[in-house]
Amino acid sequence: MYVCMCHAVTEDQVKKAIDGGANTPRQIAKGCKAGTDCGSCVRRIQALLGEHGARPCPTARLAAKLGLADPEPQPAPAAPAPAAPAPASGPIAAVLPLRVA
């Protein structure tokens, strides 16, 4: 499976880099350039590093300490019942968009 689409880097290539001693996303990037273009693969690279016993990056540790690590998806709250409309006492004016010069 591809980890980095920008540089066509596979999961196996990242695992080989980890087995070769890389223990940060930056060290992975030095070898195969994964994570150096759009950056969307960095989280997967961090996950692979964690799965192979490497220390997570400081940002991930700090986020976990602050309780900001990826939360489990929560079900959407039920929408409240719509309130009854207020009786109209006169004509309703149309709302016009605000123009900014």
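Glu11, Val14, Lys15 and Ile18 in helix 1 meet Arg44, Leu48 and Leu49 in helix 3. A contact here means heavy atoms within 4.5 Å. Sorted by type, the residues of this contact divide into 4 nonpolar, no polar and 3 charged. In that sorting, Ala, Val, Leu, Ile, Met, Phe, Trp, Tyr, Cys and Pro count as nonpolar, Asp, Glu, Lys and Arg as charged, and the others, Gly among them, as polar.

The model is predicted: local features need pLDDT of at least 70, side-chain atom pairs count only at pLDDT 80 or more, and totals for chains, interfaces and linings use all residues. Residues are numbered from 1 along each chain as its sequence is written, and side-chain values use heavy atoms, with hydrogens and water left out.

Now step back to the whole chain. The protein chain has 4 helices and 2 strands. Helices (H or I, at least four residues) and strands (E, at least two) are DSSP runs, numbered from the N terminus. Read from the N terminus on, the order is β-β-α-α-α-α. The chain holds 101 residues, and buried ones make up 18% of them. Buried means under 20% relative accessible area, exposed means over 50%, and partly exposed lies in between (1.4 Å probe, protein chains only). Of the contacts with a separation of 6 or more, 49% come from residues 24 or more positions apart.

Return to the pair of helices. Helix 1 spans residues 11–19 and helix 3 spans residues 42–51. Their axes come within 10 Å and cross at roughly 50 degrees. That makes helix 1 oblique to helix 3. The axes are lines fitted to C-alpha atoms, for helices over the stretch in contact, and angles run from 0 to 180 degrees between N-to-C directions. Angles under 35 degrees count as roughly parallel, over 145 as roughly antiparallel, 65 to 115 as roughly perpendicular, and the rest as oblique. The crossing of helix 1 and helix 3 is right-handed. A crossing is right-handed if the near helix is turned clockwise from the far one by less than a right angle, and left-handed if anticlockwise.

Glu11 sits in helix 1. Glu11 is buried, with a relative accessible area of 15%. Leaving aside neighbours within four places in sequence, Glu11 is in contact with Met1, Val3, Arg44 and Leu48. Glu11 and Leu48 are 37 residues apart along the chain, yet their C-alpha atoms are separated by 8.3 Å. Asn23 lies in the loop between helix 1 and helix 2. Asn23 is partly exposed, at 37% relative accessible area.

Helix 2 comes next. Helix 2 covers residues 25–32, and Pro25, Ile28, Ala29 and Cys32 in it are buried. They cover an arc of only 100 degrees around the axis, which puts them on the same side of helix 2. The arc is that of the directions from the helix axis to the C-beta atoms. An α-helix has 3.6 residues a turn, so residues three or four places apart point the same way. What covers the buried residues of helix 2 includes strand 2 (9–10), helix 1 and helix 3. The face turned away from the buried side carries the exposed residues Arg26, Lys30 and Gly31.

Just after helix 2, Lys33 takes a positive phi of about 70 degrees, although Lys33 is not a glycine. Lys33 lies in the loop between helix 2 and helix 3. Ala8 has a positive phi near 55 degrees. Ala8 is in the loop between strand 1 (2–4) and strand 2, and is partly exposed at 42%.
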